[in-house]
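Okay, thanks for making time, everyone. Let me put the sequence and the structure up, and then I'll talk you through them.

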Amino acid sequence: ELGKRAPRWIRDNEVTMCMKCKEPFNALTRRRHHCRACGHVVCWKCSDYKAHLEYDGNKLNKVCKDCYHVIIGCTDSEEKKRKGILEIESAEVSGNSVICSFLQYTEKSKPWQKAWCVIPKQEALVLYMYGAPQDVKALATIPLLGYTVDDTPKSADLPHSFKLTQSKSVHSFAADNEELKQKWLKVIHLAVKGETPECQNE
């Protein structure tokens, strides 16, 4: 269907990095572009291709490298590198997850920041953290097995927060409300014991 019908555009605010080369976007040097064939948000380097798109009256349109190769019928000869553990696309795992939502996150004395957190079904004992729901690479992963859960916020913490601790590493999370916090805790309490949690996504 590539090029035959208009794609669903991924919104700019759903990504923090180029969906092809994974370079982070920043205000100055990395402007966001949309591939007119697949709708992905890409950086200028990855959108530097043009192809004739059927849905747009065969006019030349800006497309990403991947779509360019598909549309002109040239296969990418290089073997696709095996994806590293962080290179699992957020949309891929969010759609097939035990639980996913935005949580506030902090470690050590860093300021709280918003992260898109996902526990995928196929790896129900690992928590993936992304900058945004459509990012193609995780910022971090936490293997939950063996962590201790502390769900009583201290005065300095945000309300609805909980901590995961294991020896010297401490990860603090905060949900937007108590109901969401309890959903996460239900999943995490099982995962830290090595039990597979049930799906909490509506």
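First, the ground rules. This is a predicted model, so bear in mind that local features need pLDDT of at least 70 and side-chain atom pairs count only at pLDDT 80 or more, while totals for chains, interfaces and linings use all residues. Residues are numbered from 1 along each chain as its sequence is written, and side-chain values use heavy atoms, with hydrogens and water left out.

The protein has 3 helices and 11 strands; helices here are DSSP runs of H or I with at least four residues, strands are runs of E with at least two, and both are numbered from the N terminus. Reading from the N terminus, the order is β-β-β-β-α-α-β-β-β-β-β-β-β-α. The C-alpha atoms fill a box of roughly 60 × 35 × 30 Å along the principal axes. Of the 202 residues, 41% are buried. Buried is under 20% relative accessible area, exposed is over 50%, and partly exposed is in between, using a 1.4 Å probe and protein chains only. As for contacts, meaning heavy atoms within 4.5 Å, take those between residues at least 6 apart in sequence: 49% of them join residues at least 24 apart.

Now the domains. There's domain 1, residues 1-79, and domain 2, residues 97-193, with bounds that come from an automatic or database domain assignment. Their centres, taken over C-alpha atoms, are 32 Å apart. Into the contact go 10 residues from domain 1 and 7 residues from domain 2.

How much area do domain 1 and domain 2 bury between them? About 710 Å², and 68% of that is on carbon and sulfur atoms. Buried area is the accessible area, with a 1.4 Å probe, that two parts lose on being put together, summed over both. On the domain 1 side, Glu14, Met17 and Met19 supply 55% of the area buried against domain 2, more than any other three residues. By class, the side of domain 1 that touches domain 2 has 5 nonpolar, 2 polar and 3 charged residues. For the classes, Ala, Val, Leu, Ile, Met, Phe, Trp, Tyr, Cys and Pro are nonpolar, Asp, Glu, Lys and Arg are charged, and the others, Gly among them, are polar.

What about salt bridges between the domains? The count is 0. A salt bridge here is a side-chain nitrogen of Lys or Arg within 4 Å of a carboxyl oxygen of Asp or Glu.

The structure as a whole does hold 5 salt bridges. One of them joins the side chains of Arg11 and Glu14, at 3.7 Å, N to O. Arg11 is exposed because its relative accessible area is 51%, whereas Glu14 is buried at 14%. Another pairs Lys59 with Asp56, with the closest N and O atoms 3.9 Å apart, and Asp56 is partly exposed at 26%. Then there's Lys110 with Glu107, at 3.5 Å between the closest N and O atoms. Glu107 is partly exposed at 21%.

Next, Gln134. Where does Gln134 sit? In the loop between strand E7 (126-130) and strand E8 (140-143). Gln134 counts as buried because its relative accessible area is 15%. Leaving out residues up to four places away in sequence, Gln134 touches Arg8, Ile10, Glu14, Val15, Met19, Ser90 and Ala91. So Glu14, which is buried at 14%, is one of its contacts.

Lys22 isn't a glycine, yet has a positive phi of about 70°. Lys22 lies in the segment before strand E1 (33-34) and is partly exposed at 24%. His160 also has a positive phi, near 60°. His160 is in the loop between strand E9 (148-150) and strand E10 (161-166), and is partly exposed at 25%.

Last one: Leu190, in helix H3, residues 178-191. Leu190 is partly exposed at 26%.
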